[in-house]
Amino acid sequence: MPFLVYHGRSRPQGGRRLTAVIAAGAMVIAAMLLAPLPTAAADTPWLTVSADGYASFSVPVASVEAAVGQVSQVVIEGNFGPSSAWAEFGLTRRGDAWSGVLGPLAPGLYSYQVTGDGTKGVKDPTNDAGVASKPLWSTFFVAGDAARLLADAPEGQGGKVETLTYRAKRQERSALVWTPPGYRGHKTYPVLFLRPGDGASATDWLDLGRAKQILDNLSIQRAMAPMVVVISDGPGDDKDLRRAVADRYRVHRDPAHQAIAGVAEGGTQALRAALTRPHQYAYAGSFSGLLSDGAGRADANEINRHVKLLRLYTGNVTDPAYNVANRLTKALDRAHVAYEFDGVNPDAGANWNAWQENLIDFVPRLFRRVSDHGPSDGHGRLKGEFNPPAPGTTPTPFVTEDGFVTFETTTDFQNAQQVTVWANWAPNGSWLRIPLTRTGDRWRGTVGPLDPWFYYYRLMVDRVAVKDASNPTKVTTEPTWSTFLVPGDEARLLTDVPAGQGGKVESLTYRSSVANQDRTALVWTPPGYDPDRAEPYPVFYLQHGGGQNYTDWVEMGRAKQILDHHFLDGNLAPMAVVMGNGNVSDFNKELLENLAPAARARYNISSDPSQQALAGLSMGGGQTFGMLKAHPGQFAYVAAFSAGFGSAAGVDAEAINRGTKLLRLYVGDRTDFVYPSFMTSLTTMTDLGIRYEFDGVTPGPHGWDVWQKNLIDLAPRLFKR
């Protein structure tokens, strides 16, 4: 049962007061930007998050229209993409709400906003966890061991955040100051100056960086030296700020007890300070800093004498600092400047998810001795600069061996306002749109790392679906879709077997009395198929879903590759697999009187029910259940993927049990929209006394990621004891 986590309301009272202080000015701006929403809408949460990380959105149509007028499309924009990239998750209108389920999401902090028609943003009024610098954004927290340092500390045990007002260059400015638990004015503390990125706000370190929670938890665990942390928007050499901090707080004024760190441009400021003013800060940390050539005139002797720690951080190749880090480390090596490198974060780019980890690693290294100077666990080495092929020189997408995929459009869309790639790369195969960036007269972007698997996508050009003309793959039933494969052990069964070693797929044309026309099916026969074998081959009839046809199991389901591998691995009984067209008014008659006889006339396959199997996905699964009810025992092996059993009326459970050797059922997780009806079906079948096997929930939505895995599991079970 989902529980509500619009998490500002679940935070301790101190957390709410803190947010109120920080965000007061921004909330005034938000109130001006947003049209009033109906009071009733705020009573029902737009977002619920289950204990296992599924985010369920339900956005009232009336609330969106009241805020921004009528829209034809609503998406949730958030940091849900690979490497925590900003992405769009499309909602579906069902009745009076736009809804969708995304997940499971990894533990951590997520930010999002509701957007209509690509341009009209709406703040979720039911979630008071906001972002002061982004009035339309909300946040929510998914708890878990991996994010335990990001969770709120027990009430009363954490530090305090105050606003420090000071004057600089005849202007009044402010900074946020965190003091540790047990802070006393009679003790003198070291100080860390923490910077945001260019165009960001100091409050982002709290709202998005979870700096307070990180510092609180590290302090409670005694994993860091007691210190004062100052977060500001100012430049790295802000003397007025340092003077104001020293006047207000009991902090050391000597450089040995001063540290500086920041993200992006803030990291660049920290690097410049360490390399050009080594007498000022003894510790410096660059989180995705963008300084690549600052070591050329550095005085290595002075830096190494005064800077106790210079530690560099970068995300993976989606981080603009990745190539910069390659150049900087080489420059520092040439200049003989001592530094530490945290390694390449494999799972994040230039975003707060990475920078939270950077802060967690950096702070415990300050103002005390540490023995570990290496990279964080799981972080890798720099492998040289990442440079995809030059624009226009190769078909796209360009896939690296470690799963980074670069997309590039042709020059046809140089005047477009927005181009995104919509693909099945959300958790467990849901669809997300990730924006591309205009590069000259093309649009380009790199996404990843993607797990080894089969992916399908389409370009969205100003919200209109377009086929990637640079990708030669095709999907017959979805003309705007293209496909690509990220190779790896997990995707082995979806890859082509060596040429000449697999089975054959042929077209079978037959006359349909139901459709009153010639129709086509595809038939896979195993390697070594013998049309004259004395014993006919078993036959497996495999059906597609709604909106699809007989081509989809080959073009999208990777049926040939799966069957080829299983056969060559010795896991598959020799059989023929017939993939028919289920788009017909009477499926049972079409299969029994048209397709099956035509297949037997062309291929050496059995008509014995004990040697026949039937399975289908979604609509095809419903057709399979319909055949099972109407003709129990006609197929000894039966399976349904993401489909409901339907009514129990007139079902002969005894005949089904007597005539069926295997009835195996599959469904996706709660992102599969048939999940509720499927679970009801299990109860119905159990109550009827029908014997069945349930494979358990297959992680993933109502899509091919699930159904490929279902076929992988089912095929080796057919025609065997």
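I note first that buried means under 20% relative accessible area, exposed over 50%, and partly exposed in between (1.4 Å probe, protein chains only). My model is predicted, so I keep in mind that local features need pLDDT of at least 70, side-chain atom pairs count only at pLDDT 80 or more, and totals for chains, interfaces and linings use all residues. Residues are numbered from 1 along each chain as its sequence is written, and side-chain values use heavy atoms, with hydrogens and water left out.

**Ring pairs.** I looked up rings of Phe, Tyr and Trp (its six-membered ring), which pair if their centres lie within 6.5 Å; planes under 30 degrees apart are stacked, over 60 edge-to-face, and the rest tilted. I found 35 aromatic pairs by this rule. One of them joins Phe407 and Phe484, edge-to-face, with 5.9 Å centre to centre and 75° between the planes. Phe407 is in strand 20 (residues 405-408) and Phe484 in strand 27 (residues 482-486), so this pair ties together parts 77 residues apart in sequence. Strands (E, at least two residues) and helices (H or I, at least four) are DSSP runs, numbered from the N terminus. Phe407 is buried at 1% relative accessibility, and Phe484 is buried at 7%.

**Another pair.** Phe678 and Phe694 have ring centres 5.3 Å apart and planes at 45°, so I wrote the pair down as tilted. Is Phe678 buried or exposed? Phe678 counts as buried, at 1% relative accessibility, whereas Phe694 is partly exposed at 30%.

**A cluster.** I also noted that ring pairs link Trp205, Phe287, Tyr313, Trp352, Trp355 and Phe362.
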